[in-house]
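Please examine the sequence and the structure shown below.

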Amino acid sequence: MPATRLTVIRHGETEWNAVQRWANQLDSALSPLGLRQAYRLASRMAEEPFDVLFCSSLGRAIATATPIAERTGKPIQILNELQEQAMGVFAGLTLTEIESQYGQELRRHRSEPDYAVDGGGESSTGFFERTIGALRQIVDQNPGRRIVAVAHGGTLDCLFRYVTGIGLHAPRPVRLLNASINVVEIGDRWMIRTWGDVSHLQENGRT
């Protein structure tokens, strides 16, 4: 059986991304740049055949996946389990606001993997287990196929840590770019083939 190919894509830039406001499981519309990214991404994916298209149930991911579905004819399969991490009282705030209003909670979030932020937050451990569980289920149900999943920066973070084996709070040597293509090949083990590919967003050296 051929290896399974899992391509995970972060949604295009949102209005809140542009001002560094944390959305988490709240939602924010794609910015004008994010919309352009989504359509360029769709053109790229139309040139790279794949079998199935999964997507987080949050609006910014669906808005990014929709042009891909329209260009390729692949129906979107929505999975709640691919949502971004729930961050409780942090959601909707900028990092400066979080540091000012919830400094102690932020320090605990950054240092304690099992700590869940007040207001319905999800621990880093719980989020990692949910995300990797969802990705593994997708892979197990589609052996030997080419899978695309449109999700979030947190999804990419979990995937990178799972494949490379670095800890949940260890420094991460790669970026989590909007509308980026990130490819993992699964055979005897999970291996990163491409990370942070945004070549499709370039036009005369500009996004």
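How many of the 7 residues of strand 1 are buried? The number is 6, so strand 1 is largely enclosed by the rest of the structure; buried means under 20% relative accessible area, exposed means over 50%, and partly exposed lies in between (1.4 Å probe, protein chains only).

## Basis of the report

The model is predicted: local features need pLDDT of at least 70, side-chain atom pairs count only at pLDDT 80 or more, and totals for chains, interfaces and linings use all residues. Residues are numbered from 1 along each chain as its sequence is written, and side-chain values use heavy atoms, with hydrogens and water left out.

Helices (H or I, at least four residues) and strands (E, at least two) are DSSP runs, numbered from the N terminus.

The 6 strands of an open sheet follow the order 3-2-4-1-5-6, and their pairing is mixed. Two strands pair if DSSP finds at least two bridges between them. Strand 3 (76-79) and strand 6 (190-197) stand at the edges, and each has a single partner strand, so one side of each lacks a neighbour in the sheet. On average, neighbouring strands of this sheet are turned by 20 degrees against each other, direction ignored.

Strand 1 is joined to strand 4 by 6 bridges, and these two strands run parallel; Thr-7 has Val-148 in strand 4 as its bridge partner. Strand 1 is also joined to strand 5 by 6 bridges, with the strands running antiparallel, and Ile-9 has Ile-181 in strand 5 as its bridge partner. Strand 5 (residues 181-186) pairs in turn with strand 6 in the antiparallel sense over 5 bridges. Here Val-183 has Thr-194 in strand 6 as its bridge partner.

## Helices packed on the sheet

Helix 3 packs on the sheet and touches strand 1 (4-10), strand 2 (52-56), strand 3 and strand 4 (146-151). Contact means heavy atoms within 4.5 Å. The direction of helix 3 makes about 160 degrees with that of strand 2; axes are lines fitted to C-alpha atoms, for helices over the stretch in contact, and angles run from 0 to 180 degrees between N-to-C directions.

Helix 6 (residues 124-141) also packs on the sheet, where it touches strand 1, strand 2, strand 3, strand 4, strand 5 and strand 6. The direction of helix 6 makes about 140 degrees with that of strand 1.

## Helix 2 against helix 3

The axes of helix 2 (residues 32-46) and helix 3 (residues 59-72) come within 8 Å and cross at roughly 40 degrees. Residues of helix 2 in this contact include Ala-38, Tyr-39 and Leu-41, while those of helix 3 include Ala-63, Pro-67 and Ile-68. The residues of the contact divide into 9 nonpolar, 3 polar and 1 charged. In this division, Ala, Val, Leu, Ile, Met, Phe, Trp, Tyr, Cys and Pro count as nonpolar, Asp, Glu, Lys and Arg as charged, and the others, Gly among them, as polar.

## Cysteines

The structure holds 0 disulfides, a disulfide being a pair of cysteine sulfur atoms within 2.5 Å. For Cys-55, the closest cysteine sulfur is that of Cys-158, at 17 Å, which is too far for a bond. Cys-55 counts as buried because its relative accessibility is 0%, and Cys-158 counts as buried because its relative accessibility is 2%.

## A residue of helix 4

Gln-101 is found in helix 4 (residues 95-101). Gln-101 counts as partly exposed because its relative accessibility is 46%.
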